[in-house]
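Trainee: Hi, I'm new to this one. Could you walk me through it?
Mentor: Happy to, let's bring it up.

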Amino acid sequence: MVPLIVFWIIPMVYITYLSFTNWDFMSPVKTFVGLDNYRYLFQDPEFYVTVRATLIFAAGSVIPTLVAGLLLALLLHGKLVGSGIYRAIIFSPWVTPTVAVSIVWAWIFEARSGLANALLGVFGFDAIPWLQDGGWAMVAILIVTIWKGLGWVMVFYLVALQSVPESLKEAAAIDGASRTRIFFTVTLPLISPTTFFLFIIQMIDAFQAYDQINILTQGGPAGSTRTMLYMYYQAAFDQFNVGQASAVALLLVVFIGLFAVVSFLASRKNVHYLS
């Protein structure tokens with residue numbers, strides 16, 4: 001309880017107080033402004049653009065990561081020659097610092113001399129302004145995020161697949177179920193607790209993504225890749241508007257909390273635990 005109080009509850013109370021003030025980090029006086037910071041955010045069209053970018057990033061990174069991670073786990077779960085080596089290679093991006101990964105991918109996505117456009121040119125496609133176009137910039141960030149998270153998701157699914165009783169699969173096969181039917185009616189429900197855990201953790205990470213956005217696009221172009229956490233960073237450390245930054249941080253906490261509550265309520269009908 002001591003670390004929880006010192007490093008979470010007290011800072012949350014303090015940042016709640018700051019969200020009702022106008023402070024620039026340096027002034028000795030914190031001017032109380034009430035709900036002005038929240039009122040400004042909800043009246044600012046850029047805030048809704050930021051919320052939209054955050055939701056697009058969260059959905060666009062989490063769902064493909066879970067699906068691709070499960071497919072890789074299914075592929076490597078069988079008796080594949082060299083599966084241990086493949087697992088290590090796929091997992092290695094997860095243990096690499098996000099900043100280092102993002103710097104390498106920034107070189108890959110460089111418009112004129114990057115590897116991505118060089119490969120497109122080999123196959124006869126035109127070069128893509130990966131980090132200079134709003135739509136493609138979000139795609140580039142999603143590619144980096146998915147690529148980095150695949151191995152972590154795959155490892156959890158590998159453990160979950162090993163815990164599915166073979167007797168249930170054999171019973172379903174005796175009843176005439178195909179391999180596809182067995183997967184959707186036996187395997188998938190029994191690994192649903194792992195899916196639910198990964199979904200929650202990955203969504204929270206997506207809401208808090210910062211490193212790859214800062215390295216690749218700095219929230220641009222034109223704010224198309226600016227998420228709520230990056231908006232918080234800009235308000236606090238670029239504009240020195242601590243009150244507005246605190247309001248953004250609190251709203252992000254509220255959004256994550258509401259998402260977690262809704263997810264747990266939905267899981268009661270869709271997550272199956274093997275008794």
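Mentor: Met-1, Val-2, Leu-4, Ile-5, Val-6, Phe-7, Trp-8, Ile-9, Ile-10 and Val-13 make up a nonpolar surface patch with about 1000 Å² of accessible area together. Patches take residues with over 30% relative accessible area and no salt bridge, joining like charges within 9 Å and nonpolar side chains (Val, Leu, Ile, Met, Phe, Trp, Tyr) within 5 Å. Areas come from the Shrake-Rupley method with a 1.4 Å probe, and for residues only the protein chains shown count as cover.

Trainee: What kind of model is this?
Mentor: This is a predicted model, where local features need pLDDT of at least 70, side-chain atom pairs count only at pLDDT 80 or more, and totals for chains, interfaces and linings use all residues. Residues are numbered from 1 along each chain as its sequence is written, and side-chain values use heavy atoms, leaving out hydrogens and water.

Trainee: Is Val-13 buried or exposed?
Mentor: Val-13 counts as exposed at 56% relative accessibility. Buried means under 20%, exposed over 50%, and partly exposed in between (1.4 Å probe, protein chains only). Val-13 belongs to helix H1, residues 2-18. Helices (H or I, at least four residues) and strands (E, at least two) are DSSP runs, numbered from the N terminus.

Trainee: New topic: how many salt bridges are there?
Mentor: The whole structure has three. The term means a side-chain nitrogen of Lys or Arg within 4 Å of a carboxyl oxygen of Asp or Glu. One of them joins Arg-39 to Asp-36, with the closest N and O atoms 2.5 Å apart. These two are three residues apart in helix H2 (residues 36-43), so about one helical turn separates them.

Trainee: And which residue does Arg-226 pair with?
Mentor: Arg-226 meets Glu-46, at 3.7 Å from N to O. Arg-226 sits in the loop between helix H11 (211-216) and helix H12 (228-238) while Glu-46 is in helix H3 (residues 45-77), so the pair ties together parts 180 residues apart in sequence. Arg-226 is buried at 15% relative accessible area, and Glu-46 is partly exposed at 38%.

Trainee: What about Glu-166?
Mentor: Glu-166 forms a salt bridge with Lys-169 (3.8 Å, N to O). Glu-166 is partly exposed at 43% relative accessibility, whereas Lys-169 is buried at 18%.

Trainee: Last one: where is Ser-192?
Mentor: Ser-192 is in helix H10, and is buried with a relative accessible area of 8%. Leaving aside neighbours within four places in sequence, Ser-192 contacts Asn-270, Val-271 and His-272, where contact means heavy atoms within 4.5 Å.
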